[in-house]
Amino acid sequence: MLELKDLFLYFARFVPKNAVADIFNTSSSSMPGYTDLLQSCENIDHSHALPSVNHYVFGIDQTSVTARIASFSGYYLFIDYGGESLFLDKIGSTNKSLSVAATVACPIASLSSLDQAEIMLLSDNARALANSIYRQVTIDSIKDYYWLRNINKFEISPFVAPDLSSSYGYTLNFDVNYK
């Protein structure tokens, strides 16, 4: 079974260690699994960290995501997950699909002096970074990450989010299929 923790840890590899540490508000919690997750983050290999991506956001809560991004300058990696589809195959087994979006973007609200050419260059760099994630996901699907093997379609699309500090970037969208 694919857990959100699997997504969190996998994509945490694409940012520096301190960006992952910033997600945690405390070094301990009474929440079951918190200590294990914190320890797992300590063991992440960050050799695939993307250059110039210095922040990590993971979640679907609009308020907390907006607040985090408002404090950023420079590129961030935002992992968003959507609905889970359930369907029966021909023999009655339940299969599942989880929608995932990996966005590389840059907030530019504080950079109001940028012209359209500069915004295009920021977006183009974000597109290249999103493509880097795609390439690594395809490599990893052959090797170590069983759940990546069941992705059959990727889409990279522009990301413009006025409500997220006027962020511009690109999103890698895909569905993870699993049992």
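## Ground rules

We're looking at a predicted model, where local features need pLDDT of at least 70, side-chain atom pairs count only at pLDDT 80 or more, and totals for chains, interfaces and linings use all residues. Residues are numbered from 1 along each chain as its sequence is written, and side-chain values use heavy atoms, with hydrogens and water left out.

## The nonpolar cores

Start with the inside. A nonpolar core here is a set of buried Ala, Val, Leu, Ile, Met, Phe, Trp, Tyr and Cys residues joined through side-chain atoms within 4.5 Å. The largest one has 43 residues, and the members that touch the most others are F8, F11, Y56, L77, V104 and I133. Among the elements that each put in at least two residues are α1 (4–12), β1 (53–58), β3 (94–107) and α5 (116–142). Helices (H or I, at least four residues) and strands (E, at least two) are DSSP runs, numbered from the N terminus. Helix α1 gives the largest share of this core, 6 residues. In soluble globular proteins, nonpolar side chains tend to be buried together.

Y56 shows what that looks like from one side chain. Setting aside residues up to four places away in sequence, Y56 touches L7, F8, F11, A12, V15, A19, V20, I23, R68, F72, L77 and I79, where contact means heavy atoms within 4.5 Å. There's also a second, separate core of 10 residues, and V65, F72, Y76 and F159 are included in it.

## Rings on rings

Rings of Phe, Tyr and Trp (its six-membered ring) pair if their centres lie within 6.5 Å; planes under 30 degrees apart count as stacked, over 60 as edge-to-face and the rest as tilted. By that rule there are 14 aromatic pairs. One of them is F24 with Y34, edge-to-face at 5.5 Å centre to centre and 85° between the planes. F24 sits in the loop between α2 and α3 while Y34 is in helix α3, so the pair ties together parts 10 residues apart in sequence. F24 is buried at 12% relative accessible area, and Y34 is buried at 15%.

Back to Y134: it pairs edge-to-face with F154, at 4.9 Å centre to centre and 80° between the planes. Y134 is in helix α5 and F154 in strand β4 (residues 154–161), so this pair links parts that are 20 residues apart in sequence. F154 counts as partly exposed, at 25% relative accessibility. Both rings belong to one aromatic cluster made of Y10, F11, F14, Y134, Y145, W147, F154 and F174.

## Polar groups on the inside

T103 lies in strand β3 and is buried, with a relative accessible area of 3%. Its side chain joins that of T171 through a polar contact of 2.6 Å. A polar contact is a pair of N or O atoms within 3.5 Å; within protein, one must be able to donate a hydrogen and the other to accept it, and residues adjacent in sequence count only if both atoms are side-chain atoms.

H55, in strand β1, is buried as well, at 17% relative accessible area. The H55 side chain reaches the backbone oxygen of S73 at 3.0 Å.

C41 counts as buried at 7% relative accessibility, and C106 is buried at 4%. Searching the whole structure turns up 0 disulfides (pairs of cysteine sulfur atoms within 2.5 Å).

The loop between β4 and β5 holds S165 and S166. Most residues other than glycine have a negative phi. S165, though, has a positive phi of about 55°, and S166 has one of about 50°. S165 counts as buried at 19% relative accessibility, whereas S166 is partly exposed at 26%.

Definitions and conventions: Buried < 20%, exposed > 50% of the residue type's maximum accessible area, 1.4 Å probe, protein only.
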